[in-house]
Amino acid sequence: MTAENVTTSTRLQNILSNYYVRKILLSIVTLFGISILIFTIARVLPGDPARLALGPRAPEDVVEQYRKLLRLDQPIYIQYFYWLLDVFNGRFGLSLVTFRDVLTDIVEFLPATVELIIFTLIIDVIGAFSLGVISGRKPNSMIDNAVRIFAYAGIAIPSFVWAIILQLVLANWLDILPAYGRLSLGIEVNRITGLITVDSLLSGNLVAFADAITHLIIPSLSLAIGCIAQEARILRANLIENINKDYILNMYAHGIPSSIIFFKYALKPSMIPTVTIMTLDMASMLGNAFLVELIFNWPGLSRYGITAMLRKDLNAIVGVVLVIGLAYTIASIIIDLLVSYLDPRVRYKR
Amino acid sequence: MKTLSGATVSEVKFSELEKKVKRENWRRIWFRFKKSKLSVIGLSMILILLFMAVFAEYVAPYPSHAGLYIAFKNAYKPPSIEHILGTDMYGRDVFSRIIFGFRYAFMMIGLVLSIVVPTGVILGLIAGYYRGTFIETVIVRLSDIFISLPPLVLALSIASILEPNIFNSMLAVSLMWWPWYVKLTYSMTVSLRNEPFILAAESQGASTLHILFRELLPIELGTILTKVTLDAGWVILIGAAISFVGLGAQPPTPDLGTMVSEYSKYLPEYWWMSLGPAAGIVLIILAFNLLGDGVRDVFAGE
Amino acid sequence: MLLEINDLHVYYKSYWYILKVLNGVWLRVDKGERVGIIGESGSGKTTLLKSILKILPQNGIIPRGEIRYDGKNILKLGDNELTKIRRKEIGIIFQDPMAALNPVFTIKEQLYDIIKHKMMIEGHNPSSKELHEQAVKILNDVRLPDPERVLKSYPFQLSGGMRQRVMIAMALISAEKLLLADEPTTNLDVTIQDQILKLIHKLVTEKNLSTILVSHALGMVYQMTDRVFVLYAGDIMEEAGTNELFNHPKHPYTQLLISSTPRLSSVGVGEGIKGKIPDYRNPPPGCRFAPRCPYVMDKCINMKPGKIQVNRDHVVSCYLYD
């Protein structure tokens with residue numbers, strides 16, 4: 001009996017000392033922190049949220065009703081307690097934009113954003129690695145200089161400016177890609193997962209699949225370019241630095257072919273800082289998605305969030321921010337896993 | 001008498017020597033900075049833009065077009081010699097408005113950084129110095145919460161709860177930004193905390209204030225300065241994003257982000273209206289990035 | 001003559017300046033001969049070894065000179081011949097095994113690649129079983145306990161001594177004729193230094209390898225070499241048989257170097273000569289030791305002295321013996 005208890009408790013201890021378990025637990029605590037933070041800022045700052053939400057022309061009794069609904073007439077910790085209770089019961093509160101529960105809205109709008117972000121990540125990884133490798137392979141060549149100029153432009157031009165430029169040039173002037181939305185008029189796909197590319201493949205609708213991809217290109221590209229530039233630059237710098245390290249020269253000293261040296265022995269260590277920086281790039285991607293979805297009229301969570309923000313729809317704002325926070329936490333854990341896969345020193349330290 | 005005068009002379013010499021060393025340090029930093037062409041270009045760009053911002057009334061060809069001004073007969077004019085970046089839907093000169101936009105941009109950088117940097121640095125120093133105490137836990141955990149959200153998302157949601165105007169958007173950016181300086185200063189302080197020279201200063205009875213600001217801060221200053229220059233561009237970016245969404249400065253304020261947002265409704269026909277202020281944003285970010293790279297190289301070599 | 005280096009110049013280009021590191025170095029190694037190169041840190045010893053295999057960092061350039069190995073100039077060799085030399089004739093032990101082993105690959109991955117490519121140039125494509133046998137054999141040769149565990153490890157999981165043994169194992173795969181050892185014991189504990197030294201000595205004698213041993217530990221060079229070259233700031237100052245050189249040093253630099261070593265029998269570090277190695281951006285135009293030399297003369301400053309034969313087996317580059 002006691003022996004059993006001991007093994008259970010040591011097993012529990014082992015689980016708790018695991019790096020990832022700790023990280024996940026910590027991020028759950030942090031997510032609660034975020035909810036308190038947003039909640040507090042919303043309630044503590046001057047101005048009446050109910051009045052702000054309903055606008056100056058709403059009659060006072062309606063505002064009073066809404067105030068009751070949000071429990072604004074009670075102390076802030078009580079408000080938070082009830083809100084938390086609701087969250088555990090699967091309710092995020094009523095949205096003023098759609099007059100539905102915020103969770104219902106999130107379920108509806110999240111897939112479009114997920115699809116956009118995943119497509120952006122694919123473009124980002126392909127772009128960053130090919131440019132970084134091309135550039136790092138032949139430093140100071142013509143192509144390297146071109147990549148470096150592109151990297152400066154990519155970093156200095158914000159996503160929403162890329163969005164405007166790409167929309168103007170590719171959609172309006174050259175007219176080779178659609179300017180708005182997820183699908184062309186007249187094309188419909190049954191909702192299964194909510195990811196149109198996946199749903200269209202599942203239902204065998206290749207026309208819709210191709211249409212969905214063409215709609216994804218410009219928004220994803222505008223989100224990806226900055227990250228591509230950043231990562232390509234870091235990869236290039238690390239390749240150039242590592243290629244002169246003794247462990248590379250040692251491989252040359254043994255007559256190992258230079259392609260193996262470059263793509264195996266130099267690339268892997270150089271990838272570690274590049275993948276590490278992707279956590280930050282993921283953050284900027286999730287943030288910029290708010291503007292890009294607005295520009296491309298993309299029916300995703302971020303555009304819903306912007307609408308909520310402009311209407312001061314508190315429940316919806318807190319809901320969206322929490323979901324984005326959760327997504328960011330998951331993304332950073334995945335990137336952590338990738339880094340530890342690449343870097344045994346990190347793996348064994350954890 | 002001889003010894004007395006000798007002592008004074010050597011003391012004077014010592015303080016002069018110290019001054020000379022400091023002067024030489026700065027000269028060396030400037031020398032190294034000058035060698036990087038890109039950072040000199042960045043600095044000159046910033047100085048030119050700053051000049052335009054300060055003397056906007058004299059530099060802008062149509063200073064009255066900055067705010068409310070209507071001349072419908074001049075509306076929607078593409079770029080020409082009179083209006084090098086064209087005119088907008090009210091007939092205002094886009095170029096003039098951009099120059100006033102620089103003024104808001106520099107205001108934003110100045111205000112945000114002067115709130116964020118001292119706050120973050122002081123909290124970071126304290127958290128690092130009082131390692132293992134309750135103070136550390138509170139400061140570090142609180143910063144962690146702020147940092148665990150994508151910065152732009154946090155800034156947008158803070159801005160959304162406030163009245164939409166330019167000062168509140170600066171406030172939102174500041175509220176989002178300070179934890180990054182806490183993190184930076186904290187990690188440096190923790191690694192310096194047990195260095196012999198700090199312990200020696202402590203054992204000689206140096207005050208906490210002395211250790212924080214006279215011993216620790218000077219060493220960390222280079223890294224902090226590098227981050228400040230690299231961050232200046234990002235402040236503009238986040239600020240412009242807030243304005244673009246409509247949660248920041250409202251028209252007719254000639255804020256660059258607001259202008260891009262306002263004018264983007266007239267795309268694609270009247271493209272010059274949006275691209276002008278967009279290019280203004282890009283110029284500022286680029287200038288600070290170029291400068292920041294140079295500053296980083298200078299301090300990385302120290 | 002296995003290796004003969006004449007008038008070798010090596011520069012490093014940086015963005016703003018050029019470092020003129022090697023300044024007309026000469027060197028010769030007979031078959032089976034063990035040669036030592038001594039000098040302070042920063043005198044270009046590592047650069048010299050790296051140029052023999054043509055593995056300088058990317059900013060390194062060789063504007064002048066020749067490296068004759070087996071009668072052929074390595075600097076003008078085609079890729080195939082150079083690869084053959086690198087894979088099975090010359091091996092190199094780097095100074096710091098931690099830096100010379102790739103941190104993110106296991107010993108197995110790195111060792112297998114080296115063994116595989118060596119066997120491939122012998123016209124044989126080894127199976128993974130053969131690779132494993134070879135790897136275990138070579139690790140046994142360098143007296144590594146538990147080779148299976150070593151193979152599975154990453155460099156950071158091994159002790160300093162074990163890493164150096166792995167490094168020696170790698171070098172021996174390629175070194176069938178010439179072994180280059182760059183301060184093979186500098187980064188090790190004193191107790192382990194001796195073991196590693198004995199190991200190298202034993203392996204070299206067994207395989208009858210020609211060796212170039214670079215070190216600033218004079219005692220070690222005294223014990224292990226037949227002939228010694230003294231390198232200072234990219235110039236060869238003196239060349240002589242080991243006994244001759246240590247007993248009758250001619251060049252002022254060699255004399256100072258030897259006299260500043262506490263006890264020649266111990267593994268001491270040359271220190272205590274006044275001044276520093278000159279700035280390679282703007283080195284002295286004449287003898288590079290002139291600024292630190294106690295016997296400096298006017299002509300030392302302006303013109304580099306040539307090789308002066310003081311006796312049959314003793315060459316010195318100094319105007320004092322002109």
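Strands are DSSP runs of E of at least two residues and helices are DSSP runs of H or I of at least four, both numbered from the N terminus, and two strands pair if DSSP finds at least two bridges between them. The structure is a predicted model, in which local features need pLDDT of at least 70 and side-chain atom pairs count only at pLDDT 80 or more, while totals for chains, interfaces and linings use all residues. Residues are numbered from 1 along each chain as its sequence is written, and chains are lettered from A and ligands numbered from 1 in the order in which they are written.

In chain C, strand β3 (residues 34–38) and strand β8 (residues 210–215) pair in the parallel sense over five bridges. Within β8(C), S215(C) is the bridge partner of I38(C). Both strands belong to an open sheet of eight strands with mixed pairing, ordered β6-β7-β8-β3-β9-β10-β12-β11. Because β6 (90–93) and β11 (308–311) of chain C each have a single partner strand, they stand at the edges, and one side of each is left without a neighbour in the sheet. Neighbouring strands of this sheet are turned by 20° against each other on average, direction ignored; axes are lines fitted to C-alpha atoms, for helices over the stretch in contact, and angles run from 0 to 180 degrees between N-to-C directions. Helix α7 (residues 160–174) of chain C packs on the sheet and touches β6 and β7 (178–182) of chain C, its direction making about 165° with that of β6(C).

Chain A is divided into domain 1 (24–88) and domain 2 (102–349), with bounds from an automatic or database domain assignment. The centres of these two domains of chain A, taken over C-alpha atoms, are separated by 34 Å.

Between chains, the contact takes 33 residues from chain B and 38 residues from chain A. Helices α5 (134–147), α6 (151–161), α9 (208–245) and α11 (271–300) of chain B each supply at least two residues of the side of chain B that touches chain A. That side of chain B divides into 24 nonpolar, seven polar and two charged residues.

Definitions and conventions:
Contact = placed C-beta atoms within 7 Å. Nonpolar A, V, L, I, M, F, W, Y, C, P; charged D, E, K, R; others polar.
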